[in-house]
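Trainee: I have just opened this entry and would like to learn how to read it. Could you walk me through a few features?

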Amino acid sequence: MTEYFDDLETRSADAREAAQAAVLATQLAHARAHAAHYATLPEGPLASLPVTRKSALLAQQSAAPPFGGVVATPFAGLARVFASPGPIYEPEAAVPDYWRYARALHATGLRAGALLHNCFAYHFTPAGSMLEGGARALGCPVFPAGTGNTAMQAEAAAHLRPRCYSGTPDFLKAILEKGDELGLDLTSLQLGHVTGGAYLPGLRAWYAERGLVVLQSYGTADLGLIAYESAVREGLILDEGIILEIVRPGTGDPVPDGEVGEILVTTLNPHHPLIRFATGDLSAILPGISPCGRTNRRIRGWMGRADQAAKVRGMFVRPEQVAAVLRAVPGVAKARLVVGLDGDRDTMLLRAEAPPEAAAALAAALQSATKLRGQVECVTPGSLPNDGKVIDDTRPVPG
């Protein structure tokens with residue numbers, strides 16, 4: 001059994017950086033030439049290029065259907081088109097393992113000839129196709145189980161004897177419990193690859209007690225696979241087909257390794273060349289390389305959402321406005337806007353890692369950016385939590 005999917009997983013950091021830089025240069029030129037949204041993309045290093053946000057893509061697709069100018073392959077040349085909630089339309093080109101999930105399934109332990117019981121949806125959204133494409137690239141047959149019908153899922157698994165499950169983290173448990181209830185033999189299921197939901201420690205322990213190896217990945221309908229877990233279960237290893245940055249929410253400004261921020265992904269997919277695509281998800285880079293020997297960088301996994309807008313006194317305040325405050329006052333590394341209540345009046349307190357003499361300038365910049373008055377508290381560097389929050393809405397949720 002080959003431990004690694006290919007040699008890309010164990011190449012040196014220098015070799016990976018050089019190879020990705022060369023592919024990226026080609027990708028940017030291709031996007032400028034074939035995707036209308038990127039026709040005026042400026043030259044410069046990746047970190048200086050504008051961010052593409054999913055919220056903006058929704059409006060772009062409405063204005064320029066079907067894809068809003070971010071797809072570089074003609075519509076007639078695609079194999080499938082999907083619609084995720086929004087709706088946001090995603091293309092699938094007619095290439096093997098288009099979504100790059102073979103690598104993640106291989107790390108889970110799936111090998112040629114083993115049957116995959118695929119419980120992701122096969123209608124509208126691309127999740128079912130993502131995992132099926134990965135399994136087929138490994139030489140594995142697929143049972144397209146889809147979602148729901150727990151008893152039928154258990155009965156089919158008892159007859160077909162799949163080796164591996166793919167689906168949301170909790171649905172495998174539901175199938176196994178239904179199998180127990182019906183007296184079915186589901187011992188063929190030894191592996192699981194889960195995504196699309198929280199994989200909590202209690203559920204991990206439940207699978208381990210039954211002798212199953214169940215690993216997770218992180219991906220999106222726009223980008224495909226982003227990162228995946230290996231058997232050592234120490235963070236999620238970045239896929240070889242993307243370039244990932246962690247930035248301060250609401251900006252395109254990279255944060256130091258280890259600091260929580262928003263995930264931006266640039267794909268090396270020539271058909272759908274998303275560049276600095278803001279996922280809206282928070283994570284952080286883990287130091288070092290995985291003990292499993294894969295040398296790509298790792299992230300800590302999903303750590304919350306970056307779209308932290310709050311409505312204050314009838315007006316929305318967004319992370320981009322907090323970023324504007326920091327740009328207006330030099331020397332402020334980090335800040336958090338705490339939204340609260342004083343009686344029935346909304347309050348704003350900007351807690352900034354800045355010297356006390358910066359308070360007045362920060363208050364003026366806050367009012368200029370938000371059109372609202374707020375208080376400022378200057379705190380010592382490093383004292384704000386490392387959780388990616390730029391706006392912390394502490395008001396009670398209406399009951």
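Mentor: Gladly! Let us begin with a cut-off: a residue counts as exposed when its relative accessible area is over 50%, and as buried when that area is under 20%. Keep in mind that this is a predicted model.

Trainee: Is K371 buried or exposed?

Mentor: K371 has a relative accessibility of 60%, so it counts as exposed. You will find K371 in the loop between α9 (359-370) and β20 (375-379).

Trainee: What about the backbone there: what is the phi of K371?

Mentor: The general idea is that most residues other than glycine have a negative phi. K371 is not a glycine, yet its phi is positive, about 65 degrees. N149 is another case to look at: its phi is near 55 degrees, again a positive value in a residue other than glycine.

Trainee: Where is N149, and is it buried or exposed?

Mentor: N149 sits in the loop between β5 (142-144) and α5 (150-160). Its relative accessibility is 51%, and therefore N149 counts as exposed.

Trainee: Which residues are joined by a cis peptide bond?

Mentor: As a general rule, most peptide bonds are trans. Here, a cis bond joins P65 and P66, with omega about 0 degrees. P66 belongs to the loop between α2 and β2 (78-84). Another cis bond links G86 to P87, where omega is about -10 degrees. P87 lies in the loop between β2 and β3 (88-93).

Trainee: You mentioned α2. What is Q60 in contact with, apart from its neighbours within four places in sequence?

Mentor: Q60 is part of helix α2, which covers residues 54-63. With those neighbours set aside, Q60 touches H37, G68 and V70. For a sense of distance, take Q60 and I243: they are 183 residues apart in sequence, and their C-alpha atoms are 24 Å apart in space.

Trainee: Now for the sheet: in what order do its four strands come?

Mentor: In general, strands of a sheet pair through backbone hydrogen bonds, either parallel or antiparallel. In this open sheet the order is β1-β13-β12-β11, and the pairing is mixed. At its edges are β1 (52-53) and β11 (242-247), each of which pairs on one side only.

Trainee: How many bridges join β11 to β12?

Mentor: There are six, and the two strands run antiparallel, with β12 covering residues 261-267. To see the pairing on screen, look for V247, which stands opposite E262 in β12.

How values were computed
Residues are numbered from 1 along each chain as its sequence is written. This is a predicted model: local features need pLDDT of at least 70, side-chain atom pairs count only at pLDDT 80 or more; totals for chains, interfaces and linings use all residues. Side-chain values use heavy atoms; hydrogens and water are left out. Two strands pair if DSSP finds at least two bridges between them. Contact means heavy atoms within 4.5 Å. Buried means under 20% relative accessible area, exposed over 50%, partly exposed in between (1.4 Å probe, protein chains only).
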